[in-house]
Amino acid sequence: MSPPSTVLVTGGAGFIGSHACVELLDHGYEVIVVDDYSNSTPQVLTRVERIAGRFVGAVYELDIRDRRALSAVFDRHAVDAVVHFAAYKAVGTSTRMPVEYYDANVGGTTALLRAMDEHGVHQLVFSSSCAVYGDAGHERLDETTPPRPTNPYAASKWLCEQILADVCHRCPEYTVLSLRYFNPAGAHPSGLLGEDPPDPPENLMPYVAQVADGRRERLHVFGNDYPTPDGTAIRDYLHVMDTVDAHRVALDHLADGPGMHVYNLGAGRGSSVLDVVTAFSEVSDRPVPYEFAPRRPGDVATLVADASAVAHDWGWRPTLDLADICRDAWRFQQLNPNGYAGSARRPNAKE
Ligand code: NAD
Ligand code: WQD
């Protein structure tokens, strides 16, 4: 089977999806986007087209759970493969709105599968998460680590993976590549695309960017008593450009053969919270004031990918490091101090 040429990107206006659209347009794919803008804004796609110098083939504002609307998209376009980013992703919110999260993430995925099935589309790249591992109890995680999700968001991703594995098991025409991202961060080097976080940001990198920019007084470092060299928690930050590069490579490997294949996507390199503070301060040439605060409930000391499987099977490795991530996040912050201000509607990300 030849690699796909027309790719449907769900959640294509989101943080990772928008960068993926640029990557796919740059590599000659016909890109069709569906997004309900529940955590994004249509103007992102104008920026995508500006960077790529090409138009997205078509954009549909719809909720992927709207089966009739989604089916009409497949009717209109000869889709070869789907890259499925659309989901709700705020861990904290998921603990307070579990039904919303299961409906959006699991229901969204089954609705997508139904539309694919009805239209004879059997190739899917799925956004999974290191969150599925939960508190795995050890530090460098490979894909054989048994998932132990600890919140509804993580459980929804693990449920999706189990559904996809079962579909592949029962329907041999399917190929599904599930990519478990560790901590995607950074921005497009143009400064036009990046992470537009909720207010206040939940994740470290956008929070640090806003502190460096003076929009927030200081960072609260959640925990300085972890069993790590500097006492702060260690994560595996992966540049969003590396993240989407891996998706483009994944599309080539959909042709390798049927079945479900799961890969960690990480740099395989751990950075502590204070490493991030130092790196950001260096590239921005700004102080990043911080104070220590209690551990955040649910956090673990260290989560670093063993990313050797994707390197072995696809020859894929990240090319950018923590300084690159901070440099590009800083450029986006400076050029977009209020994110994609104004037009974003984000009921899925905020209380
Ligand atoms: P994002 O919120 O920026 O992007 C998701 C996009 O999907 C948004 O544009 C949103 O409007 C859209 N969307 C959500 N529900 C939808 C629905 N029902 N129908 C249509 N569109 C819908 O998130 P992101 O950071 O780009 O993450 C993309 C994917 O990667 C998600 O599945 C997420 O769970 C996964 N992931 C993200 C991270 C991370 O740190 N960002 C880490 C691991 C996995
Ligand atoms: C990183 C480190 C915090 C904010 C999340 C999701 C996970 C996955 C990736 C989607 C931690 C510390 C943070 C702050 C801090 N997403 N921190 N002060 O929690 O590793 O992973 O994104 O699938 O599911 O949970 O990322 O950026 O929130 O935190 O000290 O203000 O920074 O405690 O150690 P996390 P993060």
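**View 1. Phenylalanine 222 contacts ligand 2 through its backbone.** In this predicted model, a backbone N or O atom of phenylalanine 222 lies 2.8 Å from an oxygen atom of ligand 2. That is a polar contact (a pair of N or O atoms within 3.5 Å). Leucine 204 also uses a backbone N or O atom, 2.8 Å from a ligand 2 oxygen. Tyrosine 153 uses its side chain, with an N or O atom 2.5 Å from an oxygen of ligand 2. The protein covers 88% of the 690 Å² of accessible area that ligand 2 has on its own (Shrake-Rupley method, 1.4 Å probe).

**View 2. The shell around ligand 2 has 19 residues.** Each has a heavy atom within 4 Å of the ligand. Strand β9 (residues 219-222) gives the most, with four residues; strands are DSSP runs (E, at least two residues) and helices are runs of H or I, at least four.

**View 3. Aspartate 103 pairs with arginine 65 in a salt bridge.** The closest N and O atoms are 3.1 Å apart (cut-off: a side-chain nitrogen of Lys or Arg within 4 Å of a carboxyl oxygen of Asp or Glu). Aspartate 103 lies in helix α5 and arginine 65 in the loop between β3 and α3, so the pair ties together parts 38 residues apart in sequence.

Residues are numbered from 1 along each chain, and chains are lettered from A and ligands numbered from 1 in written order. Local features need pLDDT of at least 70, side-chain atom pairs count only at pLDDT 80 or more, totals for chains, interfaces and linings use all residues, and side-chain values use heavy atoms, without hydrogens and water.

Note on methods:
Polar contact = N/O pair within 3.5 Å; in protein donor to acceptor, adjacent residues only side chain to side chain.
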